[in-house]
Amino acid sequence: MVHAGPFGPLKSKCMYRAATGLGNGGGTLGFSSNPFVSNLGYGNGISNFSGLTEFKRQENKRFPVFSSPPSVLFCNLKLNPGESKIFDYEVILPEGLPSTHRGKCIKILYYLIIGTQKGEITQEPSVVQLPFRLFAKVNDFGITPEYDLMEPILIHKDNSIIRSPTDAPRREPSPRKLFSTADEFLSKALETLSLSSAEADEGDEEDEGSLPYSNGASLENSTPTCLKAVYGITRKTKPVSYTFNKGDTVIGRMCLRRSFFRIGESIHILIHFLPSPIKCYQISVTLESYEQVVPEFACQSAARTDQLTRQILTQYHTLSTNADRSSFDLAIPNHCTPGFITSAVSLQYRLRLEFLVAERTLQNVASGPIDRHHTHNRAQLPIGVEPEKLVCLAPISLLPTHPAYAKTYKSFHSYNMS
């Protein structure tokens with residue numbers, strides 16, 4: 001869906017690559033970004049010629065988005081059995097990076113590459129890639145800066161902060177404590193649960209107290225951060241409303257509390273039907289995402305790209321035969337990617353409302369027959385009614401949320417560096 005030709009010269013701009021050939025942070029066009037998670041038999045290596053051809057084809061479509069020089073954490077480190085050392089590594093990421101995204105037109109993934117080498121220098125080093133999720137920076141107006149894919153961010157100077165290692169106490173196997181009675185076990189379990197809930201409440205109060213416009217604090221009196229800007233936008237935006245009509249006949253109005261939402265929030269929707277000769281029998285609301293490709297990079301038409309990249313996130317259906325108004329909530333999944341804009345592809349969100357309507361006549365004023373089942377009842381349209389589908393689209397903006405509330409694409413894995 002995206003022409004890969006213009007991105008060919010970018011492959012040589014990545015400064016450092018891991019042993020598997022992946023960069024520190026990069027984007028891919030129209031295929032799985034991890035060549036070792038596929039059905040081509042890669043596993044620990046490439047098992048057939050077709051797999052090698054596919055790997056080369058995918059490698060040709062991979063280009064860097066961000067690359068930083070390596071940092072040396074330690075050298076000639078010797079540890080005794082049971083001994084451990086802790087190193088703190090910190091690096092400041094550029095502000096203009098796009099969010100982590102797994103789409104159909106483009107995939108943007110970020111990795112922290114860690115390599116260790118034991119023994120002689122001739123031994124092959126062990127390299128692992130730790131994926132992490134990144135949220136793009138949002139300004140005070142809820143706008144994410146446009147990222148130019150043709151100009152990847154390459155850092156040539158090592159600006160990382162490495163703190164001195166600290167000795168960690170030797171870990172001894174703790175003896176298992178056996179409970180003699182059931183009451184003793186129950187009291188210990190209740191004590192643990194009470195401590196966990198108290199710590200969670202303190203953490204929530206601390207997070208809320210650090211946010212703008214909470215507890216009487218203003219944004220000007222606090223240190224401006226991306227998270228505070230997001231919370232300030234979602235609290236300051238005004239309600240929005242849309243009217244939906246068929247031709248020149250207005251059927252009703254949809255109201256939203258705001259047009260900016262955070263990941264993990266719920267979208268409260270209120271639909272009010274106005275006196276009209278057209279009657280609505282069913283409402284279907286869908287939260288969906290879609291990708292837009294700049295015409296100079298597009299392989300398909302805009303309508304075809306919208307159809308291929310459309311992804312349904314949440315949907316709701318209800319009957320509205322005799323209703324004057326209807327309200328419901330749509331939950332935004334935690335794994336969603338905040339909307340972003342690049343020089344080739346952008347990610348957008350919208351609400352799709354589908355109304356099943358028909359002309360209001362004396363025959364269809366009453367409700368239709370009921371199809372009774374032993375587990376449920378299903379309403380039917382009145383006899384002689386020929387309904388039509390009315391589709392309305394309402395754009396919304398999706399912003400990042402607190403990292404603790406965001407869900408990653410994959411579960412955490414442990415890596416063995418030996």
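A salt bridge is counted when a side-chain nitrogen of Lys or Arg is within 4 Å of a carboxyl oxygen of Asp or Glu. Glu265 is buried as well, with a relative accessible area of 14%. Arg262 also lies over the face of Tyr231, at 4.1 Å from the ring centre. To count as sitting over a ring, NZ of Lys or CZ of Arg must be within 6 Å of the ring centre and within 35 degrees of the ring normal.

Before going further, a word on what you're looking at: this is a predicted model, where local features need pLDDT of at least 70 and side-chain atom pairs count only at pLDDT 80 or more, while totals for chains, interfaces and linings use all residues. Residues are numbered from 1 along each chain as its sequence is written, and side-chain values use heavy atoms, with hydrogens and water left out.

Tyr231 takes us to helix 3, residues 226-236, whose buried residues are Lys228, Ala229, Val230, Tyr231, Gly232, Ile233 and Thr234. The cover over those buried residues includes strand 11 (260-262) and strand 20 (388-399). Helices (H or I, at least four residues) and strands (E, at least two) are DSSP runs, numbered from the N terminus.

Now step back to the whole protein chain. It has 4 helices and 20 strands, and buried residues make up 34% of its 418 residues. Contact means heavy atoms within 4.5 Å. Of the contacts with a separation of 6 or more, 73% are between residues 24 or more positions apart. The accessible surface comes to about 25400 Å², and carbon and sulfur atoms account for 54% of that; areas come from the Shrake-Rupley method with a 1.4 Å probe, and for residues, only the protein chains shown count as cover.

Back to the charges: the structure holds 10 salt bridges. One of them joins Asp306 to Arg350, with the closest N and O atoms 3.0 Å apart. Asp306 sits in helix 4 (residues 302-309) and Arg350 in strand 17 (residues 345-359), so this pair ties together parts that are 44 residues apart in sequence. Arg350 is buried, with a relative accessible area of 7%. Arg350 also lies over the face of Tyr290, at 4.1 Å from the ring centre.

Strand 17 has another link to follow. Glu354 forms a salt bridge with Lys389, the closest N and O atoms being 3.8 Å apart. Lys389 lies in strand 20 and Glu354 in strand 17, so the pair ties together parts 35 residues apart in sequence. Lys389 is exposed at 59% relative accessible area, whereas Glu354, at 22%, counts as partly exposed. Elsewhere, shared partners join Glu288, Asp306, Arg310, Arg350 and Arg352 into one salt-bridge network.

On to the rings. A search of the whole structure turns up 5 aromatic pairs. Rings of Phe, Tyr and Trp (its six-membered ring) pair if their centres lie within 6.5 Å; planes under 30 degrees apart count as stacked, over 60 as edge-to-face and the rest as tilted. Tyr316 and Phe328 have ring centres 4.6 Å apart and planes at 25°, so they are stacked. Tyr316 belongs to strand 14 (residues 311-319) and Phe328 to strand 15 (residues 325-331), 12 residues apart. Tyr316 is partly exposed at 29% relative accessible area, while Phe328 is buried at 6%. Ring pairs also link Phe244, Phe273 and Phe355 into a cluster.

Tyr242 is found in strand 9 (residues 240-246) and is partly exposed, with a relative accessible area of 29%. Leaving out residues up to four places away in sequence, Tyr242 touches Gly252, Arg253, Met254, Leu256, Ala394 and Pro395. The C-alpha atoms of Tyr242 and Cys255, 13 residues apart along the chain, are separated by 6.5 Å.

Last stop, the surface. Leu73, Phe74, Leu77, Leu79, Tyr89, Val91, Leu93, Leu112, Ile114, Phe132 and Ile162 form a nonpolar patch with about 800 Å² of accessible area together. Patches are made of residues with over 30% relative accessible area and no salt bridge: like charges are joined within 9 Å, nonpolar side chains (Val, Leu, Ile, Met, Phe, Trp, Tyr) within 5 Å. Val91, one of the patch residues, lies in the loop between strand 3 (85-90) and strand 4 (101-102), and counts as partly exposed at 36% relative accessibility.

Technical notes. Buried < 20%, exposed > 50% of the residue type's maximum accessible area, 1.4 Å probe, protein only.
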